[in-house]
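The entries below record what I looked up, topic by topic.

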Amino acid sequence: MTCYDLKCKLEEAFFEDIYACRIDNANELYVEVNSSSAFDICVYCNTELCYPLISMFANDETSLGGKYAVYYVFVDREYELVLIIKAMVEESKMEIRSITGRIPAAALYEREINDLFGIVPVGHPDAKRLVLH
């Protein structure tokens, strides 16, 4: 599978929820998605495409004229592809829907994002503090 094939597959499944796609270095696909659909897209990538979550982080993009963003990084080890999903966080809510219940690898990442950025992972099974105990 190429990045272009992956892009087409995601757009076919989530056309309404994808704002932008960009392919870099022939093996990196960057996808900006509707934050309310990030959960469904991540679960699809993990369960349907069998891509493991290898990282998850937040970024303060307010100085760039944006908001806070949460990034989900998945890989296709067979084809050496990297999929980076970006979801913007509403500043008035400062929360994301937790994916930990379906993708356990997100557990510590979500807790760290909560501690360092104040973005609450709603529905996290163990949302106690991680970094700032």
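**Entry 1**

I began with L130, which lies in the segment after β7 (120–122). Helices (H or I, at least four residues) and strands (E, at least two) are DSSP runs, numbered from the N terminus. I am working on a predicted model, where local features need pLDDT of at least 70, side-chain atom pairs count only at pLDDT 80 or more, and totals for chains, interfaces and linings use all residues. Residues are numbered from 1 along each chain as its sequence is written, and side-chain values use heavy atoms, with hydrogens and water left out.

Is L130 buried or exposed, or something in between? L130 counts as partly exposed because its relative accessibility is 32%. Buried means under 20% relative accessible area, exposed over 50%, and partly exposed in between (1.4 Å probe, protein chains only).

**Entry 1: aromatic pairs**

How many aromatic pairs does the structure hold? I found three. Rings of Phe, Tyr and Trp (its six-membered ring) pair if their centres lie within 6.5 Å; planes under 30 degrees apart count as stacked, over 60 as edge-to-face and the rest as tilted.

I took F14 and Y44 as one of them. Their ring centres are 5.3 Å apart and their planes stand at 80°, so this pair is edge-to-face. F14 belongs to helix α1 (residues 3–14) and Y44 to helix α2 (residues 38–48), so the pair ties together parts 30 residues apart in sequence. F14 is buried at 12% relative accessibility. Y44 is buried as well, at 19%.

Next I checked F57 and Y71. Their planes are at 10° and their ring centres 4.9 Å apart, so this pair is stacked. It links distant parts of the chain, with F57 in strand β3 (residues 53–60) and Y71 in strand β4 (residues 68–76), 14 residues apart. F57 is partly exposed, at 37% relative accessible area. Y71 is buried, at 14%.

**Entry 2: charges over rings**

I looked up two arginines. The charged end of R22 sits over the ring of Y30, 4.4 Å from the ring centre. R97 lies over the face of F39, at 3.6 Å from the ring centre. A charge sits over a ring if NZ of Lys or CZ of Arg is within 6 Å of the ring centre and within 35 degrees of the ring normal.

**Entry 3: salt bridges**

My search of the whole structure gave six salt bridges. The term means a side-chain nitrogen of Lys or Arg within 4 Å of a carboxyl oxygen of Asp or Glu.

R22 came up again here. Its side chain meets that of D24 in a salt bridge (3.0 Å, N to O). R22 is partly exposed, with a relative accessible area of 44%. D24 is partly exposed too, at 23%.

I turned to E61 and K86, whose side chains meet in a salt bridge (3.0 Å, N to O). E61 lies in the loop between β3 and β4 and K86 in strand β5, so the pair ties together parts 25 residues apart in sequence. E61 counts as buried, at 6% relative accessibility. K86 is buried at 18%.

D115 and R129 also form a salt bridge, their closest N and O atoms being 3.6 Å apart. D115 sits in helix α3 (residues 107–117) and R129 in the segment after β7, so this pair ties together parts 14 residues apart in sequence. D115 is buried at 8% relative accessibility, whereas R129 is partly exposed at 44%.

**Entry 4: nonpolar core**

Which residues touch the most other members of the largest nonpolar core? They are Y72, F74 and L83, in a core of 36 residues. At least two residues each come from α1, β2 (28–33), α2, β3, β4 and β5 (81–89). α2 gives the most, with seven residues. A nonpolar core is a set of buried Ala, Val, Leu, Ile, Met, Phe, Trp, Tyr and Cys residues joined through side-chain atoms within 4.5 Å.

**Entry 5: L81**

L81 is buried, at 4% relative accessibility. Its C-alpha atom is 9.7 Å from that of Y51, 30 residues apart along the chain.
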